[in-house]
Amino acid sequence: MIRHHTVEPKFVKAVPRQLEPGVLYVSVDYGTVVHACCCGCGQEVVTPLTPTDWRMTYDGETVSLWPSVGNWNLPCQSHYVIDQNLVIEQGRWGRTRIEAEQRRNKAAKVAFYETHGQPEEHPQADSPSVKTPEYKTKLLAFWEFISRFWT
């Protein structure tokens with residue numbers, strides 16, 4: 001059962017140790033969105049923003065996160081979508097469906113990175129020896145734009 005039906009985006013350099021319920025912490029520097037589980041259990045939920053994980057849209061006021069957040073490894077096993085700051089509860093999944101989705105995700109990652117190359121762990125932007133994949137360059141440019149907008 002979902003206890004927090006709305007979230008508020010907060011753009012941060014680093015995610016705080018103590019997560020405030022109902023706040024989506026968006027770290028541009030780390031390409032990650034972190035929040036306390038919307039069921040109210042308080043567990044930390046990390047959604048990395050990559051071509052094979054989650055995508056976030058920000059329209060100047062609200063945030064949407066896609067695909068759904070399935071907390072299959074948490075005791076609560078909550079499942080929800082965040083759409084324009086609204087938390088929309090989704091149905092529970094059984095173990096068979098969860099495992100099938102995990103296999104599909106793994107295969108999608110393998111296929112993507114075979115085509116685009118492996119991402120750099122922590123590239124040095126000013127290092128001439130580091131070649132950043134095109135998708136990551138675009139993602140970094142987007143986050144730089146957002147970061148400048150909020151500072």
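## Ground rules

Because the model is predicted, local features need pLDDT of at least 70 and side-chain atom pairs count only at pLDDT 80 or more, while totals for chains, interfaces and linings use all residues. Residues are numbered from 1 along each chain as its sequence is written, and side-chain values use heavy atoms, with hydrogens and water left out.

## Overall make-up

Let's start with the big picture. The protein has 2 helices and 8 strands; these are DSSP runs numbered from the N terminus, with helices being H or I of at least four residues and strands E of at least two. Along the sequence they follow the pattern β-β-β-β-β-β-β-β-α-α.

Of the 151 residues, 36% count as buried, where buried means under 20% relative accessible area, exposed over 50% and partly exposed in between, using a 1.4 Å probe and protein chains only. The accessible surface comes to about 9,800 Å², and 53% of that surface belongs to carbon and sulfur atoms; areas come from the Shrake-Rupley method with a 1.4 Å probe, and for residues only the protein chains shown count as cover. Taking contacts between residues at least 6 apart in sequence, 34% join residues at least 24 apart, a contact being heavy atoms within 4.5 Å.

## The mixed sheet

Strands E1, E2, E3 and E4 form an open sheet in the order E1-E2-E3-E4, with mixed pairing; two strands pair if DSSP finds at least two bridges between them. E1 and E4 (44-48) stand at the edges with a single partner strand each, so one side of each is left without a neighbour in the sheet. On average, neighbouring strands of this sheet are turned by 25° against each other, direction ignored; the axes are lines fitted to C-alpha atoms, for helices over the stretch in contact, and angles run from 0 to 180 degrees between N-to-C directions.

E1 and E2 pair in the parallel sense over 5 bridges. Within that pairing, Phe11 stands opposite Val26 in E2.

## The antiparallel sheet

The other four-strand open sheet has the order E5-E6-E7-E8 and antiparallel pairing. Its edge strands are E5 (55-58) and E8 (86-89), each pairing on one side only, and the twist averages 20° from one strand to the next.

E5 and E6 run antiparallel and are joined by 4 bridges, with Leu65 in E6 as the bridge partner of Met56. Their hairpin has 4 residues between the strands, and there Gly60 takes a positive phi near 100°. Further along, 3 bridges join E6 (residues 63-70) to E7 (residues 79-83), again in antiparallel fashion. Here Val69 stands opposite Tyr80, and Gly70 has His79 as its bridge partner in E7.

## Nonpolar cores

Which residues have the most contacts inside the largest nonpolar core? They are Val33, Met56, Leu65, Tyr80, Ile82 and Val87, in a core of 21 residues. A nonpolar core is a set of buried Ala, Val, Leu, Ile, Met, Phe, Trp, Tyr and Cys residues joined through side-chain atoms within 4.5 Å. E2 (23-27), E5, E6 and E7 each supply at least two residues of this core, and E6 gives the most, with 3 residues.

A second, separate core has 6 residues, among them Val12, Leu19, Val34 and Ala36.

## Aromatic pairs

The model holds 3 aromatic pairs. Rings of Phe, Tyr and Trp (its six-membered ring) pair if their centres lie within 6.5 Å; planes under 30 degrees apart count as stacked, over 60 as edge-to-face and the rest as tilted. Phe11 and Tyr58 form an edge-to-face pair, at 5.0 Å centre to centre and with 70° between the planes. Phe11 lies in E1 (residues 8-12) and Tyr58 in E5, so this pair ties together parts 47 residues apart in sequence. Tyr58 is buried, with a relative accessible area of 15%.

Trp72 and Trp93 form a stacked pair, at 5.0 Å centre to centre and with 20° between the planes. Trp72 lies in the loop between E6 and E7 and Trp93 in the loop between E8 and helix H1 (95-116), so the pair ties together parts 21 residues apart in sequence. Both Trp72 and Trp93 are buried.
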